[in-house]
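Hi,

Here is the structure I promised to send over. Have a look at it first, and my notes follow below.

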Amino acid sequence: MKGERLRRMIDLHAWVGMVSGLALFVAFFAGAINVFHHELHHWQEPHYDTAAVSPMGMDALLEQVTGQYPDARERLYLLPGEDPGVMWYESSEGDWITAHATDFNAEGVHDARPRSALADFINELHFALGIPNPGWPINIGMTFMGFIALLYGVALFSGLLIHWPKIRKEFFALKHEGNMRRYWKNLHNVIGIISFPFHLIMSVTGAAMGMFTVAAVLLGVLVFGPQLRGVITEETEVWPAVDSQGETVIMPLMEDVLSAARNAVPDLRVDWLEIRGYGDAAGWIDVAGSVPDHVGHHAHVVLDPTLGTLRVIAPGQRSVNFASLSPVYSLHFGDYGGLLVKMLYVALGLLGSLLFVSGNILWCERRSDRVGPGRSSAFLLRLTLGVCYGVVIGIAFSFLASKVLPHTPFAGWVALAERGIFALLLVLLVAWSLRASPLRFSSLMLRVAPFCYLALPVLQTILEGGHAWLEPDNRLVNLLLLALAGSLWVVRWQFRKRVRQAEPHPLWVGKVTEGHPKHLTETERESGAVTTR
Amino acid sequence: MKYFLGLLLSFPLSLMLVGLLAAALPAPWQDWLVLQLIAVVVLWMVLGLLVAIPARAWPLLVGMLVANLLVWLALQFTPLYGVGA
């Protein structure tokens with residue numbers, strides 16, 4: 001690639017990277033934790049050292065919920081387990097309600113206990129930056145993140161074009177030759193190159209999921225016309241909506257439903273059931289789960305109330321649309337290859353976070369070198385540090401609120417406190433970062449952050465004893481938190497090493513002057529083009 | 001600004017190009033909607049890169065606008081709109 005063109009490609013890479021970098025940091029850091037979303041749901045449940053009360057079974061729970069809440073009869077989700085749960089849309093509250101078997105007392109009255117919503121909050125941070133969806137037809141946060149994923153894809157392709165000619169030379173080239181900025185730049189490149197396939201998967205699947213609504217609307221307007229609307233529903237729903245004739249039926253036992261589903265797909269591991277038209281002869285039950293040893297592992301068995309099989313959607317027995325939709329989800333969430341793949345996703349997710357921070361820092365330093373001292377690069381560096389540390393420490397405090405509040409008189413505030421403390425810390429740390437010296441601010445935050453994550457498993461052990469480590473899902477989440485603490489400690493160690501070995505860039509100490517030495521990137525030296533903008 | 005405009009113009013272009021492909025292929029377009037969506041996303045990312053290639057971006061942006069109109073016109077003559085169906 002010619003020098004001028006290469007420089008324009010670097011500019012594009014930097015522009016899309018800067019626009020999307022901070023949002024991607026939030027998505028990747030929360031996403032690394034969200035890999036263990038299911039396990040986190042168990043971790044967030046408080047464990048009281050009292051005599052265990054055996055909750056009612058799935059059938060009794062369904063009877064109670066559908067008897068007390070007529071909306072639940074139309075559509076509900078059943079989560080099997082030791083303490084089965086039911087989720088339905090309650091029109092009087094305008095929201096989805098979740099009830100567990102343990103929420104009902106001996107008389108069968110629903111006595112909803114305040115529950116932590118930490119796992120859902122981390123998930124929302126990941127896919128929508130925590131931007132709430134007030135029930136609009138389009139989820140603003142999710143669509144925004146879809147566009148960010150699109151920019152991320154452009155950054156990936158432009159990065160590949162920039163580095164392709166010297167990819168062999170740069171591979172594992174973690175050298176600094178006295179210039180520590182070279183070391184960080186090479187680290188950015190090496191992470192980008194090694195994890196390129198992972199990032200490509202994340203950007204394409206993230207953009208496809210996030211931009212789905214907008215793309216579907218425009219496909220309808222520009223290409224397929226109004227016929228598209230019905231087709232999307234038909235091609236992505238497991239079975240059409242219930243057309244009730246008013247005929248009632250006695251619902252089958254859920255154990256029989258699960259047996260019938262396993263008869264249809266012998267390897268099925270059930271995740272949840274969707275019941276439409278509970279007690280209606282025209283209703284149906286979708287048993288949804290996974291078939292192991294497939295990347296696109298999602299499976300559905302749709303049954304009628306007499307347990308007749310209406311449809312089977314499983315690997316080898318599904319349409320092209322379902323066969324291509326399933327890998328989009330599983331490749332994005334990393335739930336197709338067991339614990340090893342999940343751990344790999346966590347590691348690549350955390351490295352991705354480092355990639356975005358280092359990209360932003362490099363851009364700020366490079367801009368300061370190229371155009372001289374300016375407020376924009378100093379502001380952006382401080383904002384980057386404030387947002388990144390705010391998110392990392394804010395999430396740790398959300399975990400802390402989730403574990404501590406249920407054991408206090410403020411248990412009813414737990415879900416609100418998890419979000420509130422995150423937002424408060426984020427705002428405070430961003431405000432602080434804009435005022436403080438970046439070097440000192442980073443040193444302090446990196447000293448605090450590992451201990452925030454280290455404290456969480458310790459706290460759970462103090463509050464809940466051996467349950468914190470004996471229950472497999474708790475153990476996994478606690479090990480993840482320790483791994484996060486360890487990763488932050490490694491970043492701190494590298495940061496201190498850099499400070500010891502090389503003089504920090506003037507931006508970090510707030511001393512940018514016209515005469516400070518210019519640090520050109522290798523690519524800029526080779527292209528011979530350093531211009532002022 | 002030029003990058004943003006490039007991305008904005010690339011989106012409908014990628015949607016309509018995939019629509020043209022759907023019209024040209026013998027398979028029913030309804031059967032591979034998810035693959036079309038993935039193709040739109042990848043094409044959008046690649047088209048977004050084009051803005052960085054020429055020295056002056058405006059001719060390319062105008063070219064993209066014209067390409068959008070041409071592809072839209074071409075779509076009107078496909079079986080998707082009843083022509084030759």
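Let me start with the sheet in chain A: β2(A) and strand β3 (residues 95-100) of chain A run antiparallel and are joined by six bridges. (Strands are DSSP runs of E, at least two residues, and helices are runs of H or I, at least four residues, numbered from the N terminus; two strands pair if DSSP finds at least two bridges between them.) Within this pair, Met87(A) has Thr98(A) of β3(A) as its bridge partner. Four residues sit between the two strands in their hairpin, where Gly94(A) has a positive phi near 65 degrees.

On to the other pairing of β2(A), residues 85-90: four bridges tie it to β1(A), residues 75-79, again antiparallel. Here Trp88(A) in β2(A) stands opposite Leu76(A). This hairpin has five residues between its strands, and Gly81(A) takes a positive phi near 155 degrees.

A quick word on the source: this is a predicted model, in which local features need pLDDT of at least 70, side-chain atom pairs count only at pLDDT 80 or more, and totals for chains, interfaces and linings use all residues. Residues are numbered from 1 along each chain as its sequence is written, while chains are lettered from A and ligands numbered from 1 in the order in which they are written.

Now the contact between the chains: 32 residues of chain A meet 28 residues of chain B, counting two residues as in contact if their C-beta atoms, placed from the backbone, lie within 7 Å. On the chain B side, α1 (2-24), α2 (33-49) and α3 (57-76) each supply at least two residues, with the largest share, 13 residues, coming from α2(B).

Cheers
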